[in-house]
Amino acid sequence: MAYPLLDRIDTPEDLRRFRESELKDLAPELRRFIIDIISEKEGHLGASLGVVELTIALHYVFQTPRDLLVWDVGHQAYGHKILTGRKNVFHTNRDLGGISGFPKRRESVYDTFGVGHSSTSISAALGMAMATALKNDSRKHIAVIGDASIASGMAFEALNHAGVSNADLLVVLNDNAIGIDPSVGALKQYLTRTKSGNETGQENLFEALNFDYYGPIDGHDLDKLIHELERQKNLKGPRLLHVRTTKGKGLQQAEQDQVKYHAPGRFDKITGELPPKNGDKLPPKYQEVFGETILELAKVNEKIVGITPAMPTGSSLKIMMEAMPDRAFDVGIAEQHAVTLAAGMVTQGLVPFCTIYSTFLQRAYDQVIHDVALQKLPVIFCLDRAGLVGKDGATHHGVFDLAYLNLIPDLIIAAPMDAVELRNLMFTASQGLDLPIAMRYPRGRCNILDWKMPFQQIPIGESRFLSKGSKVALISIGTIGSMVQDLIESEKLSITHLDARFLKPFDVKVLKQIFSSHDHIVTIEDGTEIGGLGDTVLGLASQLSYQGSIHKIGIPDQFIEHGSTADLHKMAGIDRESLLIKIKSLI
Ligand SMILES: Cc1ncc(C[n+]2csc(CCOP(=O)(O)OP(=O)(O)O)c2C)c(N)n1
Ligand SMILES: CC(=O)[C@@H](O)[C@H](O)COP(=O)(O)O
Ligand SMILES: [Mg+2]
């Protein structure tokens, strides 16, 4: 039997029947199970390997699901999923129709709170604890949060509140001294001092917030963990257990290169090695186009600075951080702060490029409105991972940005169709604008090898025709336009294709021309069909009394689950085949 102990576990009830002495052998089995599957199926790796002992201990000591266990972000919850009834479907992790890569309430009673975005666990667990108290019930509530996630504003807000409550809340701080990239900030320095015992004579931060603090303890020592969790179980009020773990524990490469093995893709399950890169020259990822272009621009404009909230590798701002450490900043998981920091910099004449994943900018919506647009401060937002991102699923798709930004006055909204356009938009923005600008681009590779063309200014609000026909006009925005143009050319369709480029200001002059010469208009976007390009064109059509038909194609009004982007595009009806059917029906 490959997993003799794990095979005896379907639910934590089974786990709790184990002798404590057996658990030591269970931990390597659980680790091996995760490695066996993730090495082939891909997914988040290092974080789950790091909390194997903690996961076993939590389910062993607490009466889950009666006791409520909340994971922060949830990318570390693979062990939890495997021990809570999903071992036999774990191989479907992140596949279309398979289980989610994050805890999800609809998936299991053991997933007490849906996650994906960080730093929500303490608030959610506190809410649960307060509800338990109001119901005169008795349960335990545990939030497990990482060292990078606890540094975020939301987590601090929750600690601040919990500290003056009597809530039966245990916060387990899983401190591995790294997020996706190395953790940053004063809190990280404080935690490091705490680890080394240098804090003697210093007031403990968590105790100062009225938490009963204990730690740090070795999060890979099952005996210690179980003993301490048993003790914690019998305490009341807000308390924090500081646990020290190693991200990637048990796989040498993952321990050594923790950034790469956060989510390494496929790897050899025995050696841990990543597959060799084949020699083919591939077009760069959009994030790399951003990363290389900002550095190029910053070399000739000393006012340019770069800001990322905790995603230097994912956004490729790392390229500039390495070359110009004084002018590129990782501010930690702090999207709200990143936006207002950029606004402050603009007031003093800097030209900040603030790069944030589209989905994470949702966190800083008020800051975009109140601190940036309302004051007409020309922050340059580069929104990565726009559109459907694939296997991370509903929590991570960047499909709302066009709609949620469209409502904001005095904000320029752009979506480049390809890498050259992205580069030129960044150049245009760096030349100085009177208003803030948000440009959004997707996850993955672009389709142009020779993208480093000489810079060209793009007039703000100017669209461009990519083909001209009659009767039917297709208006696209963003990289989906490349698919549209390819379809038109390969199918030899005699239709008009307008790359809108800007959602705001919208090129009304050109739209009027289209209205006057076409019977049917199709809009296509990889954003939600409410409030984006389609609705903008519809609104203008109504204002200008356009008599033809308008067909909106976009992401339907529902949360799109996880799966490959190709499958998801098809499901959402924004794929090539669906578009062709629509166009043929109009021609
Ligand atoms: C609001 C938000 N911003 C950024 C991210 C991207 N993200 C996912 S995991 C992670 C690092 C989390 O680090 P930590 O809490 O220390 O957990 P670890 O991975 O070390 O277990 C980041 C930045 C996110 N999920 N949510
Ligand atoms: C859990 C999380 O939020 C990140 O790890 C995210 O999955 C990264 O996404 P990319 O792989 O697109 O950088
Ligand atoms: Mg961490």
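Start at ligand 2: its shell draws at least three residues from each of domain 1 (6-262) and domain 2 (286-442). Keep in mind that this is a predicted model.

**Stop 1: ligand 2**

Select the residues that surround ligand 2: H44, V73, H75, I180, A263, G314, R385, V389, D392 and R443. Now colour them by class.

**Stop 2: ligand 1**

Move to ligand 1. How many residues surround ligand 1? The number is 21. Select the closest ones: A47, G146, A148, S149 and G179. By class, the shell of ligand 1 holds eight nonpolar, nine polar and four charged residues.

**Stop 3: the domains**

The protein is divided into domain 1 (6-262), domain 2 (286-442) and domain 3 (464-586). The centres of domain 1 and domain 2, taken over C-alpha atoms, are separated by 31 Å.

**Stop 4: two crossing helices**

Select helix α2 (residues 23-41) and helix α5 (residues 78-86). They pack at an angle of about 105°, and their axes are 10 Å apart. Are α2 and α5 roughly parallel or roughly perpendicular? Angles from 65 to 115 degrees count as roughly perpendicular, and α2 and α5 are therefore roughly perpendicular to each other.

Show the side chains at the contact. From α2, pick L30, F33 and I34. From α5, pick Y78, G79 and I82. The residues of this contact of α2 with α5 divide into five nonpolar, one polar and no charged.

**Stop 5: backbone details**

Next, show the backbone and select T64 and P65. The peptide bond from T64 to P65 is cis, with omega near 5°. P65 sits in the loop between α4 (52-61) and β1 (68-71).

Go on to N136. This residue is not a glycine, yet its phi is positive, at about 55°. Where is N136? Look in the loop between α6 (121-134) and β2 (141-146).

Then select G215 and P216. The peptide bond between them is cis too, with omega near -5°. P216 has its place in strand β4 (residues 212-218).

**Stop 6: the seven-stranded sheet**

Switch to a cartoon view. Find the open sheet of seven strands, with the order β7-β6-β8-β9-β11-β10-β15 and mixed pairing. Which strands are at the edges of this sheet? They are β7 (328-330) and β15 (502-504), and each pairs on one side only. Neighbouring strands here are turned by 20° against each other on average, direction ignored.

Strand β6 (residues 304-308) and β7 run parallel, joined by three bridges. Select T308 to see one bridge: its partner in β7 is D330.

Helix α12 (residues 286-300) touches β6, β8 (351-357), β9 (380-386) and β11 (437-442). The direction of α12 makes about 150° with that of β6. Helix α15 (residues 335-347) packs on the sheet as well, touching β6 and β8. The direction of α15 makes about 165° with that of β8.

**Stop 7: the five-stranded sheet**

End at another open sheet. Its five strands have the order β12-β14-β13-β16-β17, and the pairing is mixed. The edge strands are β12 (464-467) and β17 (549-555), each pairing on one side only. The twist averages 25° from one strand to the next.

Do β12 and strand β14 (residues 496-499) pair in the parallel or the antiparallel sense, and over how many bridges? The pairing is antiparallel, over three bridges. The bridge partner of F465 in β14 is L498.

Notes: Residues are numbered from 1 along each chain as its sequence is written. Chains are lettered from A and ligands numbered from 1 in the order in which they are written. This is a predicted model: local features need pLDDT of at least 70, side-chain atom pairs count only at pLDDT 80 or more; totals for chains, interfaces and linings use all residues. Two strands pair if DSSP finds at least two bridges between them. Helices (H or I, at least four residues) and strands (E, at least two) are DSSP runs, numbered from the N terminus. Axes are lines fitted to C-alpha atoms, for helices over the stretch in contact, and angles run from 0 to 180 degrees between N-to-C directions. Two residues are in contact if their C-beta atoms, placed from the backbone, lie within 7 Å. A residue is near a molecule or strand if its C-beta atom, placed from the backbone, lies within 6 Å of it. Domain bounds come from an automatic or database domain assignment. Ala, Val, Leu, Ile, Met, Phe, Trp, Tyr, Cys and Pro count as nonpolar, Asp, Glu, Lys and Arg as charged, and the others, Gly among them, as polar. Angles under 35 degrees count as roughly parallel, over 145 as roughly antiparallel, 65 to 115 as roughly perpendicular and the rest as oblique.
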